Amino acid sequence: MKSDILLYSDSKKDRGSKVRWLLAEMNLEYETVSRSNVPPPGYSALNPFESLPTVTVKGATFFESSAILLYLADLYSERQLAPVISSPDRPVYLQWMVFSEATLDRALEKLWAAEEIPGAGTTENIHKLRQDVQDVFHGLEISLQGRQYILGDRFSAADISLAYYLNWAESESLLEGFPKTRNYLLRMKDRPAAQMIGLFG
Ligand SMILES: N[C@@H](CCC(=O)N[C@@H](CS)C(=O)NCC(=O)O)C(=O)O
């Protein structure tokens, strides 16, 4: 392996794109392998859930995109994409990292399942789940008041995680009526590193 980081990811759109974006922001080299190209005993030996992404970093293999973001941002702390543990921004940073998956992704996944899995959702159920997602945006809209980034004036890995899910929400027309959240997403999409990985292209 030529670089310290090997990313298992199949497409520009899977959650591995959060990792690609972070690595592009940090200007770090990495290699990518698709799930079907993992040599025997195969991908399930690396990740028993067979979900994407997984990484190998300096010999350690692990999965869960948020864990990967948190670890890499700390490992390469000189790139300043995570507040240090003693910073007053650190707890708020962790809050938004966890929020993006535990609250925002969860709400979007429930809606996605109801809409996409045949027989899973009734019209009323889907309407309710869309409202649940939009309830999340009411809180986010307040939190983004007067803020360029989710931590205020500094960009961090938490912005990457949030923007990934906001982009998904926007593709479902769920951001209408939330101008601060939409404008925040536009600012994130405009970042050269985000453009480079092609997540929004
Ligand atoms: N919480 C996990 C979710 C992983 C996940 O659901 N990944 C999707 C791709 S974005 C996946 O692997 N779906 C099943 C599949 O592609 O077979 C994470 O953030 O890494």
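Predicted model: local features only at pLDDT ≥ 70, side-chain atom pairs only at ≥ 80, totals over all residues.
Into which domains is the chain divided? The chain divides into domain 1, covering 5-79, and domain 2, covering 89-197.

**Entry 1: the two domains.** I looked up the separation of the domains and found that the C-alpha centres of domain 1 and domain 2 lie 22 Å apart. Their contact draws twelve residues from domain 1 and ten residues from domain 2. On the side of domain 1 that touches domain 2, I note that α1 and α2 each supply at least two residues, and that the largest share, seven residues, comes from α1. Sorting that side of domain 1 by class, I get six nonpolar, two polar and four charged residues.

**Entry 2: α1 against α2.** I then turned to helix α1 (residues 16-26) and helix α2 (residues 65-75), which pack at an angle of about 15° with their axes 9 Å apart. An angle under 35 degrees counts as roughly parallel, so α1 is roughly parallel to α2. The crossing in which α1 passes α2 is right-handed. I list K18, V19 and L22 as the residues that α1 brings to the contact, while α2 brings S65, I68, L69, L72 and A73. By class, the contact of α1 with α2 holds six nonpolar residues, one polar and one charged.

**Entry 3: α2 against α5.** What is the angle at which the axes of α2 and helix α5 cross? I read roughly 160° for α2 and α5 (residues 157-171), whose axes come within 10 Å. With angles over 145 degrees counted as roughly antiparallel, α2 and α5 are therefore roughly antiparallel to each other. I recorded a right-handed crossing where α2 passes α5. The contact is made by S66, L69 and A73 on α2, and by A157, I160 and S161 on α5. I count four nonpolar and two polar residues in the contact of α2 with α5, and no charged ones. Going back over the two lists, I see L69 and A73 of α2 in the contact with α1, and I see L69 and A73 again in the contact with α5.

**Entry 4: α3 against α4.** Helix α3 (residues 89-116) and helix α4 (residues 123-143) came next, and I find them packed at an angle of about 165° with their axes 9 Å apart. That angle makes α3 roughly antiparallel to α4. Is the crossing of α3 and α4 left-handed or right-handed? It is left-handed. On α3, I list T103, L104, A107, L108, K110, L111, A114 and E115 as the contact residues, and on α4 they are N125, I126, L129, R130, D132, V133 and V136. The residues of the contact of α3 with α4 divide into nine nonpolar, two polar and four charged.

**Entry 5: backbone checks.** P41 sits in the loop between β2 (31-33) and β3 (54-57). A cis peptide bond also joins L52 and P53, where omega is about 5°, and P53 lies in the loop between β2 and β3. Which residue has a positive phi although it is not a glycine? I found N27, with a phi of about 60°, in the loop between α1 and β2.

**Entry 6: around the ligand.** Which residues are around the ligand? I list D14, R15, S51, L52, F63, E64, S65 and S66. The shell around the ligand divides into two nonpolar, three polar and three charged residues.

Key
Residues numbered from 1 in each chain as written. Near = placed C-beta within 6 Å. Nonpolar A, V, L, I, M, F, W, Y, C, P; charged D, E, K, R; others polar. Axes fitted to C-alpha atoms, helices over the stretch in contact; angles between N-to-C directions. Helix = DSSP H or I, 4+ residues; strand = E, 2+ residues; numbered from the N terminus. Parallel < 35°, antiparallel > 145°, perpendicular 65-115°, else oblique. Left-handed = near helix turned anticlockwise from the far one by under 90°. Contact = placed C-beta atoms within 7 Å. Domains from an automatic or database assignment.
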